[in-house]
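Q: I would like to learn how to read the contact between two chains in a model. Can we go through it feature by feature?

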There are 2 protein chains.
Amino acid sequence: VLVHELPTPALVVDLDRFDANVATMAARWPGTRLRPHVKAFKSTALARRLHDAGHTAFCCATVREVEGMAAAGLGDDLLLANEVVGPAAERLGAVARSGAARVTAAVDSDATVDAAAAAGITEVLIDVDCGLPRCGCDPADAGRLADRARRLGMAVRGVMGYEGHLMRADGATKQDDVAAAGAVVRAALAETGGDVVSGGGTGTWDLNDWATELQAGSYCLMDTEYVDHSPAFATALTLQATVVSSRPAWGVLDAGLKALGMDHGDPTVVGGDCWFVSDEHLTFGWGEAGRLAVGTPVRVVPAHVDPTVAYHERMHVVRGEEVVDQWPVDLRGW
Amino acid sequence: VLVHELPTPALVVDLDRFDANVATMAARWPGTRLRPHVKAFKSTALARRLHDAGHTAFCCATVREVEGMAAAGLGDDLLLANEVVGPAAERLGAVARSGAARVTAAVDSDATVDAAAAAGITEVLIDVDCGLPRCGCDPADAGRLADRARRLGMAVRGVMGYEGHLMRADGATKQDDVAAAGAVVRAALAETGGDVVSGGGTGTWDLNDWATELQAGSYCLMDTEYVDHSPAFATALTLQATVVSSRPAWGVLDAGLKALGMDHGDPTVVGGDCWFVSDEHLTFGWGEAGRLAVGTPVRVVPAHVDPTVAYHERMHVVRGEEVVDQWPVDLRGW
């Protein structure tokens, strides 16, 4: 099958670009120095390729990702980089107790420490706020939470600190800001004990010098938003669509809001100018090639990879024009 | 099961509000005067409830919606309100030829007329541009396309014209603008023949007096965007999430970009103030109730219903606090 023969809309991964992104990252963060973030691609088939490249420890954002990675035999070392309580904590504990995976949970409060212990989770990272107003405890609270976790019988592997507020920063102070976040996280580690400092991402991959393991996921597929900030990686993921309506001034593609994560704005139409996106349509102005006929395939580059992939059942893997593989997006949902 | 016991994130439909929305619409557009748009909810279980309320003809946006509605026995009269060519047209034709549903396709070009005929589709509507730069032919071309369709052996049921550019308009000229769009569509009908004028939506349900059938879908679930423009309907769909992190100034929910369509902007946090949404998190400022504990359920009202529902496997149906049903979102994908 050739790529232009795929039914559309279809997510397409350029395997050569993907492999180049993986190699670029592995040169700086080899083996388990990288903890690829499964949330970006939600596919055990893609994860297996990273595993084969030596990255055997993974980050997950949902319990379903943990369950699916464990079931696929990719459970060497799974970190749920997210706080859970209630039924989600119980499901996470069930994976840990089953022995199908090594499971580590992020905790940032008494409630999440207690929920992890009650669920039978045996290893935690203390999640520390280093500047992004999201999960993560007050750094001054890290030592106390680590003590609480140990009292409840859990091992504290170290700390997690995600400098997410700096991923898309570009200013002259970015290097210093990343270092300042790291100082907060490293100081917390001195209070918690352990030897893991898990943090960073695609946007700070070349500046973060304080994480013992980098939590990057977007780098392998990339999107138009990240490529502006991390040009060492190439956009390997595109959405192939078909022109279904053609007028003198504009064309319409059969791909819309249900095929594209829109929080980072409009996608980029290759060879055209995106006007607006509707539920199942994308209206665009013609590019230099002029008006295209109904039936013409057109590629679109998503603005944000993670919520784009989460709409799709599969990614089609191509080398040049040939479809060589299919990666099911098998870790969607919660 | 009570609603606050559901694993989160969970889509929740308030059945009383849903039924009230359905009744409000049916009073103005009863029976087949309404052609509910399946794209808004992508669920045969929900569609069956509308069918039971007398709305036996449906609009679909994708071939998979047509296939799923036909397989569920809801194929009395299915309009694919969208242009298709290639494999999609062939699949649509297969449904028509199977006899499992009455299938009508929208066409707006020689290529889509020819694709419909080649696929064995026997009924079409001529899709006419009435102001939204998307699908729809130049109105001057409608008669010619209808003749072409008839020459190829298809019946022309009439026209379709979607005044989508006016759905979220509010100005003093909205009534006149809707009427002007209708004049274009009605004039095209005089050229095409047939007796169907399919158009309109939730945003013009009370102003459109020219459609023989209204294509509304959002009205039954609603969202914060539409409720501003069509206050006769109430928001019946919410996303239930759980506080997983709690700090003095903010809380974090376990629901994010993969649970919420974001093209219309941030959702509304009930009793809080949405700061920003991440892949699997929503950070919000505390409301009047003050700081909430980790584990507290919180409701979020989506800004755009269609791309929100498309992320979920099911909707939980509640009456008051009790979960009384579950509607699988079984028509996702393409």
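Predicted model: local features only at pLDDT ≥ 70, side-chain atom pairs only at ≥ 80, totals over all residues.

Q: How many residues of chain B and of chain A does the contact take, and how much area is buried between them?

A: The size of an interface is often expressed as the accessible area that is lost when the parts come together. Here about 4,300 Å² is buried between chain B and chain A, with carbon and sulfur atoms giving 59% of that area. Arg134(B), Tyr311(B) and Trp334(B) supply 17% of what chain B buries against chain A, more than any other three residues. In residues, the contact takes 53 from chain B and 53 from chain A.

Q: How many salt bridges and polar contacts are there between chain B and chain A?

A: Side chains of opposite charge can pair when their charged atoms come close. Between chain B and chain A the count is eight salt bridges. One joins the side chains of Glu313(B) and Arg64(A), at 2.5 Å from N to O.

Q: Which elements supply the side of chain B that touches chain A?

A: α5, β9, β10, β12 and α9 of chain B each supply at least two residues of that side. The largest share, four residues, comes from β9(B). By class, the side of chain B that touches chain A has 22 nonpolar, 15 polar and 16 charged residues.

Q: How many aromatic pairs and salt bridges does the structure hold over all chains?

A: The structure holds eleven aromatic pairs over all chains. One to inspect is Phe18(A) with Trp327(A): the ring centres are 5.1 Å apart and the planes lie at 65°, so the pair is edge-to-face. Phe18(A) is in helix α1 and Trp327(A) in strand β16, so the pair ties together parts 309 residues apart in sequence. In one of them, the closest N and O atoms of Asp306(A) and Lys39(A) are 3.3 Å apart. This pair links helix α9 of chain A, which holds Asp306(A), to the loop between α1 and α2 of chain A, which holds Lys39(A), 267 residues apart.

Notes
Residues numbered from 1 in each chain as written. Chains lettered and ligands numbered in written order. Heavy atoms only, no water. Contact = heavy atoms within 4.5 Å. Buried area = accessible area lost by both parts, 1.4 Å probe. Salt bridge = Lys/Arg side-chain N within 4 Å of Asp/Glu carboxyl O. Nonpolar A, V, L, I, M, F, W, Y, C, P; charged D, E, K, R; others polar. Phe/Tyr/Trp six-rings, centres within 6.5 Å; stacked < 30°, edge-to-face > 60°.
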